Amino acid sequence: MKQNDLKNINICCIGAGYVGGPTMAVLAKHCPNIQVTVTDHNLERINDWNSIDLSKLPIYEPGLDEIVNKYRGKNLHFSSEVEKNISIADMIFISVNTPTKTKGVGAGKASDIKWVEACARQVANNAKDHTIIVEKSTLPVRTAEVIKNILESATSIKSQKNPSISFDVLSNPEFLSEGSAIKDLENPDRVLIGGENNQAIKALSEIYENWVPVKKILYTNIWSSELAKLTANAFLAQRISSINSIGALCEATGADVREVSRAIGTDSRIGAKFLDAGPGFGGSCFKKDILNLVYLASYFGLHEVANFWESVVKLNYWHQNRISRLIVKKLFGTLSDKKIAVLGFAFKANTNDTRESAAIQICKELLEEGAILSIYDPKVSRKQIKRDLNFINDPYEIKTESNNLNKYFIADNIQETFQDADAILILTEWSEFSNINWESAYKMMRKPAWVFDSRSIVNPQKVLDANLKLWRIGDGSKISNI
Ligand code: UDX
Ligand code: UDX
């Protein structure tokens with residue numbers, strides 16, 4: 001440690017993204033004596049974090065702007081001077097992205113840890129004393145070993161000049177959920193710290209103890225911590241695929257997935273959370289982490305294990321494709337030049353994040369069928385929607401063949417999307433979509449006018465009373481099967 005007092009240390013976080021930004025903001029809030037600097041090699045992103053206009057912060061999370069406003073410039077800083085901040089840090093959090101590899105060994109499944117490796121090298125070259133490295137990014141199991149190897153090689157060279165240089169590596173995965181990140185960080189279910197060196201573990205634990213009850217801090221070995229993170233996300237994603245598969249069965253049999261969820265959720269062994277059928281899971285973590293697990297299992301020859309987890313991802317794609325196919329079917333088998341109002345593009349409400357959003361594949365498939373889309377999302381930028389719809393397909397995506405992918409408009413408000421639309425498709429559960437005036441929507445639309453609610457947020461009776469036809473996810477009752 002460069003400072004003897006554990007309470008007055010310097011923290012540097014590498015990666016000012018969805019994880020690094022909110023995590024460090026909450027840490028700074030609860031640890032006034034710690035100087036926290038969030039660094040990123042992307043200068044534009046750092047400038048946005050430093051923007052006086054808080055609506056320009058690069059990440060939208062309820063409550064985040066308030067914390068940034070209060071602590072920025074005091075003990076919370078945003079900087080693109082990564083190396084300088086590494087050199088004065090006692091503790092370094094690595095929060096860079098670890099996307100799925102697109103080529104080479106493990107392409108399509110394994111996580112690409114090139115950024116993590118680059119960070120380890122930056123730390124090795126610039127750290128000046130004893131430094132604790134904390135893995136925050138979700139990483140393949142045994143990444144800590146890679147980091148340690150890089151740091152140890154550097155230590156042996158540097159220690160001739162500076163004998164006090166040394167490193168400890170800890171795993172401290174994030175479990176925050178976007179849209180409720182601040183709440184999750186303020187009041188986590190648990191904080192997981194994996195490591196070998198007790199002093200390093202104690203140093204990190206004491207930081208969290210400023211606001212997290214000790215009984216919620218769990219200690220494991222480093223590999224269990226890395227694997228626990230992948231497993232938590234795999235279990236959560238598996239629940240979504242499970243309930244979505246049952247939703248399809250409900251539609252076929254006359255059952256209602258909401259009733260089934262409620263009935264099974266009261267079993268305390270199953271629990272009521274994470275049982276909402278929807279358009280399929282999105283977000284930067286679920287697919288990537290499961291594929292990581294699939295790769296790991298295959299690597300160790302556990303092919304049945306790999307197939308089991310891979311089926312969760314396959315079902316998710318099948319489910320998204322099922323939604324676009326049923327829209328085609330309900331609209332008389334063709335979408336050619338029909339207008340569809342798409343409400344919501346983010347992968348869930350209360351975030352501007354579109355990574356792996358179900359909206360991307362569903363919109364591409366509707367465009368492929370010849371539809372004209374009018375897309376509205378209250379938080380996702382125009383630029384982002386365009387980028388996503390023009391992105392090259394990944395190997396799991398249902399392939400599209402033609403070039404009919406450009407007939408879409410991005411609307412500034414909900415009303416604009418309704419004009420002459422044949423259908424309204426709700427893909428994100430933004431609360432404003434549950435308060436639509438269906439009678440006035442109906443008047444603006446072409447008849448027969450449809451509502452496809454993939455999030456179960458409309459009041460079915462109000463939609464039907466306004467003479468609209470309705471399909472709701474997992475609803476096999478008569479009202480949705482007109
Ligand atoms: C997440 C999490 O860290 C990880 O757990 C999850 O599995 C997926 O990625 P997130 O914060 O959501 O990261 O990613 P992102 O918003 O892309 O932020 C990463 C930031 O790291 C970017 O701003 C990028 O510019 C920065 N970065 C990347 C660096 O500063 N240096 C690098 O070498 C690489
Ligand atoms: C997830 C994990 O929850 C978090 O612990 C981890 O650190 C990162 O990955 P996040 O991706 O932000 O968080 O969102 P989450 O709330 O888990 O939702 C993931 C996807 O599942 C979303 O597309 C969401 O709409 C969908 N979902 C979630 C459902 O379809 N139904 C549900 O009941 C819950």
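1. The second largest cavity has a volume of about 30 Å³, where a cavity is a set of points, on a 1 Å grid over the protein atoms alone, at which a 1.4 Å probe fits but cannot get out, and a volume is the space filled by probe spheres set on those points, joined across faces, edges and corners. Its lining, made of residues with an atom within 4 Å of a point, consists of T23, V26, L27, L185, Y208 and W211. Helix α1 (residues 20-30) gives the most to this lining, with three residues; helices here are DSSP runs of H or I, at least four residues, numbered from the N terminus. By class the lining holds five nonpolar residues, one polar and no charged, with Ala, Val, Leu, Ile, Met, Phe, Trp, Tyr, Cys and Pro counted as nonpolar, Asp, Glu, Lys and Arg as charged, and the others, Gly among them, as polar.

2. This is a predicted model, in which local features need pLDDT of at least 70, side-chain atom pairs count only at pLDDT 80 or more, and totals for chains, interfaces and linings use all residues. Residues are numbered from 1 along each chain as its sequence is written, chains are lettered from A and ligands numbered from 1 in the order in which they are written, and side-chain values use heavy atoms, with hydrogens and water left out.

3. At the start of α9, a side-chain oxygen of N221 reaches to within 2.9 Å of the backbone nitrogen of W223, while the helix is followed by G254, whose phi is positive, near 95°.

4. Of the 19 residues around ligand 2, F175, E178, D276, K348 and R455 come nearest, a residue being near if one of its heavy atoms lies within 4 Å. A polar backbone atom of D276 is 2.8 Å from a nitrogen atom of ligand 2, and a polar side-chain atom of R455 lies 2.8 Å from an oxygen atom of the ligand. Taken alone, ligand 2 exposes 660 Å², of which the protein buries 91%, with areas from the Shrake-Rupley method and a 1.4 Å probe.

Definitions and conventions
A polar contact is a pair of N or O atoms within 3.5 Å; within protein, one must be able to donate a hydrogen and the other to accept it, and residues adjacent in sequence count only if both atoms are side-chain atoms. Helices (H or I, at least four residues) and strands (E, at least two) are DSSP runs, numbered from the N terminus. On a 1 Å grid over the protein atoms alone, a cavity is a set of points where a 1.4 Å probe fits but cannot get out, and a pocket is an open set with protein on both sides within 12 Å along at least five of seven lines; lining residues have an atom within 4 Å of a point.
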